[in-house]
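Student: I am new to this structure and would like to learn how to read it. Could you take me through a few of its features in turn?

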Amino acid sequence: MAKKNIPVISNIDMTEIYRKIILEVGEEFPEFLIFEDQPFDMMRFEMPNGRNVLYFNNCDNICEKIISEMKNPKAEKTVAPDFMVHSLGDEDVSFLYTVAVLISEMLEIPCPQIEFRDSFADRHGESIGERNMVILATVPAEHFTLMIRCMAHEIRHLWQYKYHPEYNESYKKPEKDGVDSYLDCIAENDAEAWASKLYLEIFNVDDITDNGEYAMGNAELKKRILKLRDEIELDEEYVYRLKGFLGVLE
């Protein structure tokens, strides 16, 4: 019996795809993901709130296929499984895609595909370097900017995957090694320092110094991450562009 190919998310740079869809469709459109070897060409998964998550099989004209489906829906529709469900509005999805493009360009890496989930095993996010993918847990609307911080953290891991693969050798999983061990490695220290620096520069919020519970109260670890943060230099042009897009220019 011939072995069936297992669908996997496509490893592609989403920079131009996200940009072109925002330009052609507008600033409100549903989450979409691009796969290899799906058993269907495209599918709409409808969530309980009536919004959709779109799955597409990759092809040479993938961008045109996505734009066509968003403007003139034709794909079969089915009920979204629980793991797909998220509470973001379509305007939030396109907004976060734009932020992902800017952060990725700032770090000089390919923009990942971004997946959103309401329920994500008590984690804020995950990056998958070999697939160039980021999964983000949603947060209540009043804490929306925290999704940007989490995205920055996860995309920094993709930067590590490209420029410092040795960082991954020290990485530990919290569910396996415990939270203390998970935080106490260069991969997490660097991602935390970079994300905190970006958050501080954009929103003028110091989420490490002003947080007594940061790093489970581990003063030495907190000091180490703050030292790394002080050593990081951000591209000021992209900081300015992000602040402008996010509406926080002074």
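Student: Is Cys-111 buried or exposed?

Tutor: Before the answer, please note that this is a predicted model, in which local features need pLDDT of at least 70 and side-chain atom pairs count only at pLDDT 80 or more, while totals for chains, interfaces and linings use all residues. Residues are numbered from 1 along each chain as its sequence is written, and side-chain values use heavy atoms, with hydrogens and water left out. Buried means under 20% relative accessible area, exposed means over 50%, and partly exposed is in between, with a 1.4 Å probe and protein chains only. Cys-111 has a relative accessible area of 0%, so this residue is buried. Cys-59, at 25% relative accessibility, counts as partly exposed.

Student: How many disulfides does the whole structure hold?

Tutor: A disulfide is a pair of cysteine sulfur atoms within 2.5 Å, and a search of the whole structure finds 0 of them. For Cys-59, the nearest cysteine sulfur is that of Cys-63, 10 Å away.

Student: Which residues of helix α1 are buried?

Tutor: The general idea is that an α-helix has 3.6 residues a turn, so residues three or four places apart point the same way. Helices (H or I, at least four residues) and strands (E, at least two) are DSSP runs, numbered from the N terminus. In α1, residues 15-25, the buried ones are Thr-15, Ile-17, Tyr-18 and Ile-21. Contact means heavy atoms within 4.5 Å, and what covers these buried residues includes β2, α2, α3 and β6. After α1 comes Gly-26, with a positive phi near 115°.

Student: How do the axes of α3 and α9 cross?

Tutor: Axes are lines fitted to C-alpha atoms, for helices over the stretch in contact, and angles run from 0 to 180 degrees between N-to-C directions. The axes of α3 and α9 (residues 236-246) come within 10 Å and cross at roughly 170°. Angles over 145 degrees count as roughly antiparallel, under 35 as roughly parallel, 65 to 115 as roughly perpendicular and the rest as oblique, and α3 and α9 are therefore roughly antiparallel to each other. Among the residues making the contact are Phe-95 and Leu-102 of α3, together with Tyr-238 and Phe-245 of α9.

Student: What is the order of the strands in the open sheet?

Tutor: Strands of a sheet pair through backbone hydrogen bonds, either parallel or antiparallel. Here two strands pair if DSSP finds at least two bridges between them. The open sheet has 3 strands in the order β6-β8-β7, with mixed pairing. Its edge strands are β6 (113-117) and β7 (125-128), each of which pairs on one side only, and the twist averages 15° from one strand to the next.

Student: How many bridges join β7 to β8?

Tutor: There are 4 bridges between these strands, which run antiparallel, and Gly-125 stands opposite Leu-136 in β8. The two strands form a hairpin with 4 residues between them, and Asn-132 in the turn has a positive phi of about 50°.
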